[in-house]
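Work through the exercises below with the sequence and the coordinates at hand. Each task is followed by a solution in steps.

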Amino acid sequence: MSFGSPAENYAEAALDLNRLLIKHPSGTYFLRMEGNAMEKEGIFDGDILIVDRALDADNNKIIIGELNNSLTIRKFLIKDGKNYLTNGDTPPQLIKPSDNFSLWGVVTYTIRSFDK
């Protein structure tokens with residue numbers, strides 16, 4: 001005698017990670033995190049970052065940006081009408097008008113392997 005699967009009545013449509021994780025396909029790219037600068041934000045060395053270029057850098061979002069010719073990942077903060085970058089370990093760094101800053105996108109998800 002055989003028994004049916006206990007999950008038989010809970011079957012769902014196939015899980016599509018593209019539909020689930022990518023809202024703007026033409027503006028989304030992936031990066032691999034190198035280093036431990038964002039561990040306090042839950043992003044670790046080796047994580048894959050899903051970055052959406054179509055999103056604005058809102059307060060408390062993790063962003064990828066270029067600051068004075070250096071690519072960086074930081075939390076974007078807005079306080080008193082001024083923009084700052086921080087990683088949780090250091091005081092927020094003001095983005096000055098004289099700085100060369102460009103937004104490369106907002107980190108929307110991370111993917112982490114536990115098979116290390």
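The model is predicted. Of the 116 residues in the chain, 28% are buried.

**Exercise 1.** State how many helices and strands the chain has, and give their order along the sequence.

Solution. Step 1: the count is 1 helix and 7 strands. Step 2: read along the sequence, the pattern is α-β-β-β-β-β-β-β.

**Exercise 2.** Find which residues make the nonpolar surface patch of about 330 Å², and decide whether Leu 20 is buried, partly exposed or exposed.

Solution. Step 1: the patch is made by Leu 15, Leu 17 and Leu 20. Step 2: Leu 20 sits in helix H1, which spans residues 17-21. Step 3: the relative accessible area of Leu 20 is 44%. Step 4: buried means under 20% and exposed means over 50%, so Leu 20, at 44%, is partly exposed. Step 5: a patch residue needs over 30% relative accessible area, and Leu 20 has 44%.

**Exercise 3.** Describe the largest pocket: its volume, its lining by class, and the strand that gives the most to the lining.

Solution. Step 1: the space in the largest pocket is about 170 Å³. Step 2: its lining includes Leu 31, Arg 32, Met 33, Glu 34, Leu 71, Thr 72, Ile 73 and Arg 74. Step 3: sorted by class, the lining has 7 nonpolar, 1 polar and 3 charged residues. Step 4: strands S1 (28-32) and S4 (70-79) each supply at least two lining residues. Step 5: S4 gives the most, with 4 residues.

Note on methods:
Residues numbered from 1 in each chain as written. Predicted model: local features only at pLDDT ≥ 70, side-chain atom pairs only at ≥ 80, totals over all residues. Heavy atoms only, no water. Patch = residues over 30% accessible without salt bridge, like charges linked within 9 Å, V, L, I, M, F, W, Y side chains within 5 Å. Areas by Shrake-Rupley, 256 points an atom, 1.4 Å probe, with all protein chains shown as cover. Salt bridge = Lys/Arg side-chain N within 4 Å of Asp/Glu carboxyl O. Buried < 20%, exposed > 50% of the residue type's maximum accessible area, 1.4 Å probe, protein only. 1 Å grid on protein atoms, 1.4 Å probe; cavity = no way out; pocket = protein on both sides within 12 Å on 5 of 7 lines; lining within 4 Å. Points joined across faces, edges and corners; volume = space filled by probe spheres on them. Nonpolar A, V, L, I, M, F, W, Y, C, P; charged D, E, K, R; others polar.
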